[in-house]
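Here are a few friendly notes to read alongside the model.

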Amino acid sequence: MPQQQPIQQVPANQPVREEEPGRRPKFDGNNAFQLELRQRVDEYLRSTGRRPRDCWQMYLKTAILLAIFAASYVLLVFVAQTWLQALPLAILLGLATAGIGFNVQHDGGHQAYSNHPWINKLMAMTLDVIGGSSYVWHWKHAVIHHTYVNITGHDADIDFGILGRLTPHQKRLKFHRWQHFYLWPLYGLFAIQWHLWGDFRELITGRIGGHRFPRPRGWELAIFLIGKAIFLTLAFGIPLLFHPAWVAHLFYGVAALVLGMVLSVVFQLAHCVEQAEFPLLRPDTGRIENAWAIHQAETTVDFARRSRVVAWLLGGLNFQIEHHLFPRICHVNYPAISKLVEKTCLEFGVKFTEHPSLWAGLTSHFCWLRRLGMPSTAG
């Protein structure tokens with residue numbers, strides 16, 4: 001088990017520093033680590049004959065996940081007649097939707113699914129069908145999160161507003177004392193907010209957290225609107241033709257709560273745990289002290305690397321360090337390159353952290369929330 005790290009504290013008489021929204025962080029340091037690691041991974045893939053993209057395993061997994069999604073939806077909407085039939089199907093539908101997001105959409109959105117752009121685009125667009133927006137996701141996740149991981153005021157994925165304190169540089173409120181209990185059920189609401197409000201708000205405002213992004217136009221806007229229409233038809237339109245409104249809304253809620261809980265927790269285990277770093281910009285230069293690749297490794301934590309089941313279900317997102325360093329390599333390669341990444345980190349003195357199991361990651365996130373809620377860690 002990794003050693004518990006002390007929380008970086010802000011002096012009580014100093015206000016918590018929120019970085020200027022228009023000021024984009026830059027990274028210091030040399031790129032020797034990144035260049036050497038990339039060379040080693042490229043050589044490993046060449047020497048073993050592994051394909052970085054267009055892996056047959058991904059096409060097979062995509063077919064399996066889409067089949068489970070379709071079957072659970074059809075059985076839930078058209079066949080189930082009792083609570084005992086509908087409830088497990090709604091849970092399965094939520095899990096299948098998460099599986100599509102973790103595996104198919106995620107690799108497609110990072111251009112890691114295929115060497116062919118149109119295939120990547122098609123796979124990324126599965127997110128539009130299951131309630132999100134592939135366009136907004138690209139900017140929020142692939143661009144902003146992957147560039148500014150765990151930088152307070154820039155990484156929108158670690159900003160819960162007043163609801164929670166996820167970094168030691170965010171302001172603590174009194175009720176955060178209990179966030180290690182109340183945030184878990186709130187995670188489940190993430191998908192509902194995403195489906196019905198979040199994407200629309202960001203599209204209208206043209207902002208993701210403190211960052212401006214270009215609003216979609218032309219085909220991208222059409223994909224956004226058509227995707228939302230398809231999702232709303234699947235989630236509400238068709239079920240309302242066959243079931244009372246309260247039944248349709250109830251089982252949408254069950255599937256969405258399962259989806260939101262799974263998506264949120266997997267993200268938190270990678271970044272909001274005791275061993276992850278939360279660096280601030282240097283006040284004299286306005287830059288991050290480390291080079292980009294070192295920053296990626298030290299703000300991210302792996303978990304359950306030895307579990308093939310976890311890796312298959314989560315699309316390799318238990319190998320988060322590998323993913324952040326090589327987002328354009330298909331996730332089926334992450335277990336193979338993981339030891340090489342770890343060895344190179346150790347050689348260069350770069351922090352590499354893993355939790356040995358899913359439970360260890362969950363425990364660390366719980367402890368992190370509790371520590372950040374304590375009065376002694378207030379900024």
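1. Let's begin with the second largest pocket of this predicted model. Its lining counts 28 residues, and those nearest the centre are Leu76, Leu93, Ala248, Phe251 and Tyr252. Two or more lining residues come from each of α2 (56-79), α3, α9 (218-242) and α10. The biggest contributor is α10, with eight residues.

2. What is the make-up of that lining by class? The second largest pocket is lined by 22 nonpolar and six polar residues, with no charged ones. The space in this pocket comes to about 520 Å³.

3. Now turn to the largest pocket, whose volume is about 1,200 Å³. It is lined by 45 residues, and Lys140, Asp157, Phe160, Phe190 and Gln193 are the closest to its centre. Elements that supply at least two lining residues include α3 (83-109), α6 (134-147), α8 (190-205) and α10 (245-271). Here α8 provides the largest share, eight residues.

4. The lining of the largest pocket is made up of 20 nonpolar, 18 polar and seven charged residues.

5. Lastly, the cysteines. How many disulfides does the structure hold? There are zero. For Cys330, the nearest cysteine sulfur belongs to Cys55 and is 4.1 Å away.

6. Are Cys330 and Cys345 buried or exposed? Cys330 is buried, because its relative accessible area is 0%. Cys345 also counts as buried, at 0% relative accessibility.

Technical notes: Residues are numbered from 1 along each chain as its sequence is written. This is a predicted model: local features need pLDDT of at least 70, side-chain atom pairs count only at pLDDT 80 or more; totals for chains, interfaces and linings use all residues. Side-chain values use heavy atoms; hydrogens and water are left out. A disulfide is a pair of cysteine sulfur atoms within 2.5 Å. Buried means under 20% relative accessible area, exposed over 50%, partly exposed in between (1.4 Å probe, protein chains only). On a 1 Å grid over the protein atoms alone, a cavity is a set of points where a 1.4 Å probe fits but cannot get out, and a pocket is an open set with protein on both sides within 12 Å along at least five of seven lines; lining residues have an atom within 4 Å of a point. Grid points are joined across faces, edges and corners, and a volume is the space filled by probe spheres set on the points. Helices (H or I, at least four residues) and strands (E, at least two) are DSSP runs, numbered from the N terminus. Ala, Val, Leu, Ile, Met, Phe, Trp, Tyr, Cys and Pro count as nonpolar, Asp, Glu, Lys and Arg as charged, and the others, Gly among them, as polar.
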